[in-house]
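Me: Hi! I've got a model open and would like to talk it through with you. Can you take a look?

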Amino acid sequence: MDTLLQQIVNGFVQGSVYAMVALGYTMVYGILGLINFAHGEVVMVGAMVAMSVIHLLIGSGLPPLLVLLISLIISMVVCMALGYGIERIAYRPLRNAPRLAPLITAIGVSMVLQNLAMMFWGREYHAFPSLLPNNSHRLSGAIITEVQILIVLIALGMMGGLLLLMHRTRLGRAMRAVAENPSAAVLMGVNINGVIAITFMLGSALAAVAGIMISANYGIVHYYMGSILGLKAFTAAVLGGIGNMRGAMVGGLLLGLIESLGAGYIGDLSGGFFGSHYQDVFAFFVLISVLIFRPSGLLGERVAERA
Amino acid sequence: MIASKSSPLLQVRNLKVAYGGIQALKGIDIDVAPGELVALIGSNGAGKTTTLKALAGLLPSTGKIHYCGKSLQHYAAHQLIQEGLVLVPEGRGVFARLTVKENLLMGAYCRHDKSSIAQDMQHIYQLFPRLAERQMQLAGTLSGGEQQMMALGRALMSRPKLLMLDEPSMGLAPMMVVKIFETIRNICAQGVSILLVEQNAKLALEVAHRGYVLENGLITLSDSAASLLGSAVVRRAYLGS
Ligand SMILES: Nc1ncnc2c1ncn2[C@@H]1O[C@H](COP(=O)(O)OP(=O)(O)OP(=O)(O)O)[C@@H](O)[C@H]1O
Ligand SMILES: [Mg+2]
C-alpha cells in the first residue's frame, strides 16, 4: 500500500471539511472582527439533526439519496436558524461592547449548545447511518471511497459557489463592502444588520454540510464533536489568514494534508514512540507556529486593522 | 438669493448633537432650497462633520430635520439614500478592496433598473475618464484625487436630490481641487442640491449660492455667498486677509 498517496487522499478529504467550517469563522471575522467560537457547535448540531432525520425517514421506503438530500436540507435550515439566533442573542446586543464580551458569550453559547445536545441526543457515540453504497476505488495505490469523492466534490462546488456569490452578485458586493467599511456601506443604503445575519446564516449552512460530511466519512457522531473540529477549522482559518475567504479554503486543505501526513509518518519519525492518534498535535503545532511567525496567515494582509 | 425663499428641500431647526457630555452642536438652523448650493464653513472642530453625520442619520440628534416635507425622525441611516439624501463622508469612504466599478455599483445598491444603472455608469465614465480607464483596478490603489472623483461618481450613481459633501478638497493638489469644484458646480447646475462642507472657505463660497458660518457648534453668520465673501469678519477669520 502506498502510504504517501493514501495520506494525501485522506488529508484532502478531511481538509475539504475543515475548509467549509473555516469559511464560517473567516466570514464572521471579516465582517464583525469577532471569533464566533460557537461555530463548531453548529457543525455538531448539523450532524445530529441530519442523523435524526435520517433515522426518521430511513424506514419510509424513500430512496436513500432522497433521504440524504432531505436530511441535508433540514439540517441546513436548522443550522441557519441557529446561526441567526446566535448572532441575534449573543452578539448583536454586544456590537459596541469591548471585544472580550462577545468572546465570553461565544464560549457561553458553545457550552449551552453542547449541553442541550447532550440532553437531547445523549452522551454516547452514535453511528451515523450510511446511506450510500460503501464502494471504493483504487487510485494508483490509494483507496478512496465514493463518499469521500462526494465530499470533495460537494465541498469544491460549494466553495466555488460561495466565491461566485461574493464576487459576482449584489449581495456579495454588499458583504464585502460591510466587511471593509460598515459606515460607508450604510451610506450606500446597505442594511448592515441584514448583511450580518445573512453572513451568519451562510456560514452555518456550510457548517451543516460539513457536519454531515465528516459524520458520513467516519460514521460516528457525538455531542462533543464540534469543539475539536471547530478548533481545527479555526486553526485553518488563521493559517490561511483570518478574514480572507480564499485563505480559509487554502488553510483548510493544507491543514488536512499536514495532519494526515503527520499522522501517517509520526510513528516512523519518532521510532514508534508516538502513534497516529497524536494527529491532533499537528493542528495546534500549526496554530502556534502561525501565530508566532506569521500572524496574518498565508493570504492575509492585515491583522486587527479595526481597533 | 431667491432660491432660499421657495419651499426648502431641507429644513433643519435647533439641531443638537452631544458626544457623551460634550455638546458638539448646540442648536443650529439650516435650509437648503431645491437646486441650491449651500456652503457650511468653519474652523477645525466647529462641528461641520458632526452636522452632516447627524443629517445622514449616523449620529443621534435632537431637533427637527425636515426633508422633502417629511420628518426624518423615523428613517434609519441606510434608508436615506433611497430618498435621495446622500453623504460623501470626510475621507471619502471608498471601499479600497472593491474595484472602481464595484464601488460605483455600490452607489446604485438601492436601484434595480439595470439598464439605466448602466447608462449612468457610462455617464460617470464620461465625466471622469480616468475612472473609466481604471474600472477593474482596486479602489485602494487610486490616487487621492481619483478616489475623490470615484466617491463623487459613486454618490451620483444613486441619483441624489441632496448631495452632502464633507471636505471634497481635502488632501488634493490645487489642479485637482479646481477640477472637483468645477464638477460640483456642474452637478448642481443639473438640478442636484448640494450642502458643501469645506475648510477652504474661499473656494466654497465662490461656488455656493449661500453660506453658513459654524463656530463651536453654533451658526454665527448666514448670508449669500457673495456677501460672506465680502464680509470683514469672514475675511479675517477664514480667508486669511
Ligand atoms: N466621536 C467623537 N467623540 C467625541 N467627540 C467628538 C467625536 N467626533 C467629534 N467630536 C468633537 O466634536 C467637535 C466637532 O467635531 P467635527 O468633526 O464635527 O468638526 P469639524 O468641523 O468637522 O472639524 P474639521 O474641519 O477638523 O473636520 C470637536 O470638538 C470634536 O472633538
Ligand atoms: Mg470635519
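Predicted model: local features only at pLDDT ≥ 70, side-chain atom pairs only at ≥ 80, totals over all residues.

Me: Good to know. How much area do chain B and chain A bury between them?

Reply: About 2000 Å², with 61% of it on carbon and sulfur atoms. On the chain B side, B:His78, B:Arg97 and B:Tyr109 lose the most area to chain A, and together they make up 36% of what that side buries.

Me: And how many residues are in contact there?

Reply: 21 residues of chain B are in contact with 19 residues of chain A.

Me: How many salt bridges and polar contacts are there between chain B and chain A?

Reply: There is one salt bridge between the two chains. Four residue pairs are in polar contact. The salt bridge joins B:Glu102 to A:Arg176, with the closest N and O atoms 2.7 Å apart. As for elements, helix H2 of chain B (residues 100-107) gives the most to the side that touches chain A, with four residues. By class, that side of chain B has 14 nonpolar, four polar and three charged residues.

Me: Switching topic: which protein donors does the magnesium ion have?

Reply: Ligand 2, the magnesium ion, has B:Thr49 (OG1) and B:Glu90 (OE) as protein donors, lying 1.9 to 2.3 Å from it. B:Thr49 lies in helix H1 of chain B (residues 48-55) and B:Glu90 in the loop between strand E6 (85-88) and H2, so the pair ties together parts that are 41 residues apart in sequence.

Me: Is H1(B) mostly covered or mostly open?

Reply: Mostly covered, as seven of its eight residues are buried. Among them are B:Lys48, B:Thr49 and B:Leu52. Just after H1(B), B:Gly57 takes a positive phi of about 80°.

Me: Now salt bridges. How many over all chains?

Reply: A search of the whole structure finds 15. In chain A, A:Lys232 meets A:Glu259 at 3.1 Å, N to O. That pair links distant parts of the chain, A:Lys232 being in helix H9 (residues 225-240) and A:Glu259 in helix H10, 27 residues apart.

Me: Why do those two count as buried?

Reply: A:Lys232 is buried because its relative accessible area is 5%, and A:Glu259 counts as buried because its relative accessibility is 2%; the cut-off is under 20%.

Me: Which other residue does A:Lys232 meet in a salt bridge?

Reply: A:Asp280, at 2.5 Å, N to O. A:Lys232 lies in helix H9 and A:Asp280 in helix H11 of chain A, so this pair ties together parts that are 48 residues apart in sequence. A:Asp280 is partly exposed, with a relative accessible area of 29%.

Me: Back to chain B. Which residues are linked in a network of salt bridges?

Reply: B:Arg111, B:Asp113, B:Asp120 and B:Arg159. B:Ser116 touches two of these, B:Arg111 and B:Arg159, leaving out residues up to four places away in sequence. The side chain of B:Ser116 also makes a polar contact with the side chain of B:Asp113, at 2.4 Å.

Me: Where is B:Ser116, and is it buried or exposed?

Reply: B:Ser116 is in helix H3 of chain B (residues 114-127), and it counts as buried at 12% relative accessibility.

How values were computed: Residues numbered from 1 in each chain as written. Chains lettered and ligands numbered in written order. Heavy atoms only, no water. Contact = heavy atoms within 4.5 Å. Buried area = accessible area lost by both parts, 1.4 Å probe. Salt bridge = Lys/Arg side-chain N within 4 Å of Asp/Glu carboxyl O. Polar contact = N/O pair within 3.5 Å; in protein donor to acceptor, adjacent residues only side chain to side chain. Helix = DSSP H or I, 4+ residues; strand = E, 2+ residues; numbered from the N terminus. Nonpolar A, V, L, I, M, F, W, Y, C, P; charged D, E, K, R; others polar. Donors = N, O, S within 2.8 Å, 3.2 Å for Na, K, Ca; no water. Buried < 20%, exposed > 50% of the residue type's maximum accessible area, 1.4 Å probe, protein only.
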